[in-house]
Amino acid sequence: MDDEPLSQWAERRDARIGQLRAVPLVTGDGPRASHLNPDAPRAIQRWNGHLWEAYGFAANLAEARRILFPHAEAAAIPEASPRIGPGTGRHRKPPAP
């Protein structure tokens, strides 16, 4: 068995210190994926090297993303979608008779 040296493991663990994550606050054992409950409030947690500790609160998924990725808003520029005109391409639906 190839064990990782303790020094390499400690470096990997320490590299994550300060990392943030958003956890949806939903009741029960229901799905916790962010895309399933976009309007659910989120607890923002910060990794301290040993456990996730409370860091903040977000009212919904959009606010949580602004907290987690503050520099992503400047890079997000809407692009024009390609327009598909009429044609007889291989995957086009044939016209109805």
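**A first look at the chain and its tryptophan pair**

**View 1. The fold, from end to end.** Starting at the N terminus, the protein chain runs α-β-β-β-α-α. That comes to three helices and three strands, where helices (H or I, at least four residues) and strands (E, at least two) are DSSP runs numbered from the N terminus. This is a predicted model, in which local features need pLDDT of at least 70 and side-chain atom pairs count only at pLDDT 80 or more, while totals for chains, interfaces and linings use all residues. Residues are numbered from 1 along each chain as its sequence is written, and side-chain values use heavy atoms, leaving out hydrogens and water.

**View 2. Two tryptophans side by side in one aromatic pair.** A search of the whole structure finds one aromatic pair. Trp47 and Trp52 form this tilted pair, at 5.3 Å centre to centre and 55° between the planes. Rings of Phe, Tyr and Trp (its six-membered ring) pair if their centres lie within 6.5 Å; planes under 30 degrees apart count as stacked, over 60 as edge-to-face and the rest as tilted.

**View 3. Cover around the pair.** Is Trp47 buried or exposed? Trp47 counts as buried because its relative accessibility is 14%, whereas Trp52, at 21%, counts as partly exposed. Buried means under 20% relative accessible area, exposed over 50%, and partly exposed in between (1.4 Å probe, protein chains only). Buried residues make up 12% of the 97 residues in the protein chain.

**View 4. A charge over a ring.** Arg16 lies over the face of Trp47, 5.4 Å from the ring centre. For this, NZ of Lys or CZ of Arg must be within 6 Å of the ring centre and within 35 degrees of the ring normal.
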